[in-house]
Amino acid sequence: MLFDFPKMSFDTSNNSSNKEERKYYHDRNKPDDLQISRTDMNMLIMNYLVTEGFKEAALKFQQEAGLQEPALCSSLDERIMIREAVQSGRIPDAIAMVNALHPELLDTDRYLYFHLQQLQLLELIRAGRAEEALAFASATLAEAGANDNNALTELERSLALLAFPDPHASPFADLLLPSHSQKIASELNAAILKMENQEYTNPKLCSLLRMILWSQSELDKHNIKYPKMTDLANATIEQPK
Amino acid sequence: MQQLTVFMDIESSRSYIDELYSPDATKVVEALVTLKNSVIGSNRQKSSVIQQGVVPRLLQLMSDEALDPNIRLEATITIGSLAKGTPENVATLVEQGTATALVELLRTVPIGTKLVEAGLCALRSVFLHPPAPIAALPADMRLLTRLTQIAREGTATARCCVVRILSVWCGGHMEQEALCQAGACAAIAAMLANGRNSAPPLARALPALELLANMCFENGNVSQVALNTRHGDKTIPELLMCLVSRDKPLPVALGAARCLTFIHRAGALTADDNRVVFGALPCLARLCTKEMPEEIRAKAAETLSYLAEVDTSLQRLAAISNHLMSSLADIVNCPSAAAKQGAFKCFASLGANDEDIRKRIIETHGLMKHIVSEMKNPEPSIRLAAVRCLHSLSRSVQQLRTTFQDHAVWKPLMQLLNDSPGTELLTVGSSTLCNLLLEFSPAKEPMLDQGAVEMLCNLTKRPEAALRLNGIWALMNMAFQAEQKVKQRILCCLGTEQMFRLLGDSDTRVIMKTLGLLRNLLSTRQHIDAIMSEYSSQVMQAVIVVLEGSYPAEVKEQALCILGNIGDGERARDFIMANEDVLRKLVDYLAHPESKLQEAALFVASNLVRCSEAGAAARQARLADLGVLRALKLLGARQDAAHLHDNDFFSE
């Protein structure tokens, strides 16, 4: 589905092309009828903060933006604590909290449980407790590895870190970065939201960005020239050549 | 609080298991939480803990009403986790009385509490492992009413769990009626109603649809109740119509279409009802298309085959869709057994009654090849489905001569029939064979070589009436306009003894077809003379047995026709003339009140006295002696005998 941009004829100095080209162009300097309300944007931001568990920021934003009471799902506090525990490496605490909140979650999603156990393993490796790490892997992680090929591959990668004198310099060092535990924390967060039958387990902002990427790839498939957003984080738009 | 170590080994777990028996409530709770955290996520831990005999204590802690509700809750949650383990874990749990204890819990604990929710989750997990402990849930009205109340008023999780449990439990007519009485339909309607975004959430709709389908299956009463049950301003059918639309998730649309199908087949909706024609049917056809996932397509094809199984108008409507045939052919190609079966069954249903549809099915690219190859599939259910499909298509007389011959379908069919098949396959297969042996089929000769006659004769000895019928019917078809050697083979193989036995069969249709076989054998002059020269006494005896016995008129008519055929044989007719008993019977039948018997007797007489034949005069004289002429004159005088004047013996 193509966005219907207002068609504007573009006065080019190059008069060689006689055929009138259709240009899908949005000239930012001209007024248009594409209205995006401030309220819509505030709601999107609010949704992001609540879904991702930024409670204080959400409450402050609500005050400053003058929004009505946000739909804070009942588990917001717990989800915040769980995320914190995961990202700071206190996995048994995190697991205990998840089990108290949704006892069926980790039994139903064994792959997620494996990821949490894997984080524990990585904590031991990071702390240099190699023997304990191996014992832990064989006692608990081996079970998941036996049942799931993906888990087995990831387990092997994790254990491979032990083979390197400096794991942080190994090819699998990405596992030791904070971004990895953040990823697992988000996975867990989404799983909890799903369990609570929330319609959107990802922030709506996420869906919007995906929509942009999808639209752009569809346009690319048809070789259409359009102003392309090449950098999502900065919303940089490049004009077509 | 006990420190959570990185992992627990078996030795250290003993310590907290012992704490379960402590008199101190706080310690018990702690021990339960530790136990719970150790078993969630790990089947190994679950098995270990069960082996250590912890289950009876957990059940105790769960059931004791005097205990701290926290203890009961944690114990129940732990049981629930154990029930998510291996099938062996669940079997042990059931053996040790878990299901019964959970049901007891549900009777007494107030609705809306976390304990009820935990108990339902646990029971649902137990029920999802076959064989489900159905006996643990007795069909008593108080209990069922409580459960349906939970389905209406409980938390979202509780409602979904209850409905799941009941849908597994609902295995037969008795359970369907009991649930209906307990108000399950109203609960289902509530769960199918719109939530946010104008659709019920998937997790709620699917179990409700499953339960509704199980309740309505082949039950007209429950289907009728479902038809009239409302939630707010919408009846269940209206709710289902919302759910079959394109914007709904595929499993929900399929589930809703399935419910409408079952309600129709149970008799509560007619075949021309909007909800069938514009609801279930197009939805199922759409779900068969190539873009859909295999599982959905398989189930949709199966459901569509059930929907269109008997009604020709539905078959025609489904066949109108120009994509359906190729979609189904594609489903046959899918690897899974369910998909192949579903597609074959669907073709069989669609082609059941209408020749045009059959033609289109047969012309569907590559289908006949698939049918032939799947008849050799190692999986018996697929072979059966393929034969059912073939059976349906074999009703197409036009195609017998061409397509079926081209694909030599009889080869794998004969192989299947000779390969000690089950009763179902034998019944469908022999019916198909019957059709293939019809007059237009050029496949007769090769089939004989494959031992068809022997196989069919054996069928006539089976205890199942349907098989005897198929056997004798097939032999009858085989004998029609066949060569003499074929007829001889049939007679020889069947034997006159067996034929007499069949003439005394409890099923009238078998008797009719046996006489039909005799009639077909005794056609064309040379054959009649040849057969009568060898079997005259047995044949005459058979005819007399039927004419004398207390058979219905249509059976006796057949016997007279046989006599008529014999009367056409040059030498064979002498056997009749020599038998005074038969001649006297002939006179009687000429005056019989039943007009078709009169006509048949007339046919006999006309063959005997035909002027153009040698020895006619002598025969006429003999018959005159016995009073045949007198009877004929009387017959001629009847007002409804106008058509009989065509016969040449009236014109002397």
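1. Two residues are said to be in contact when they have heavy atoms within 4.5 Å, and by that rule 20 residues of chain A are in contact with 21 residues of chain B. This is a predicted model, in which local features need pLDDT of at least 70 and side-chain atom pairs count only at pLDDT 80 or more, while totals for chains, interfaces and linings use all residues. Residues are numbered from 1 along each chain as its sequence is written, chains are lettered from A in the order in which they are written, and side-chain values use heavy atoms, with hydrogens and water left out.

2. Between them, chain A and chain B bury about 1,900 Å², 50% of it on carbon and sulfur atoms; buried area is the accessible area (1.4 Å probe) that two parts lose on being put together, summed over both. Of the area that chain A buries against chain B, 27% is supplied by Glu104(A), Asp107(A) and Glu143(A), more than by any other three residues.

3. Glu104(A) also takes part in a salt bridge, its side chain meeting that of Arg124(B) at 3.0 Å, N to O. The interface of chain A and chain B holds 2 salt bridges by the rule, which asks for a side-chain nitrogen of Lys or Arg within 4 Å of a carboxyl oxygen of Asp or Glu.

4. On the side of chain A that touches chain B, two or more residues each come from helix 4 (91-101), helix 5 (105-108), helix 6 (110-126) and helix 7 (130-147) of chain A, where helices are DSSP runs (H or I, at least four residues) numbered from the N terminus. Helix 7 of chain A gives the largest share of that side, 5 residues.

5. Which residues touch the most other members of the largest nonpolar core? They are Met215(B) and Leu240(B), in a core of 232 residues, and helix 35 (residues 525-548) of chain B gives the most to this core, with 11 residues. A nonpolar core is a set of buried Ala, Val, Leu, Ile, Met, Phe, Trp, Tyr and Cys residues joined through side-chain atoms within 4.5 Å. Leaving aside residues up to four places away in sequence, Met215(B) touches partners including Cys170(B), Leu179(B), Ile188(B) and Val222(B).

6. Ser305(B) touches Lys345(B), Cys346(B) and Ser349(B), not counting residues up to four places away in sequence.

Technical notes: Buried means under 20% relative accessible area, exposed over 50%, partly exposed in between (1.4 Å probe, protein chains only).
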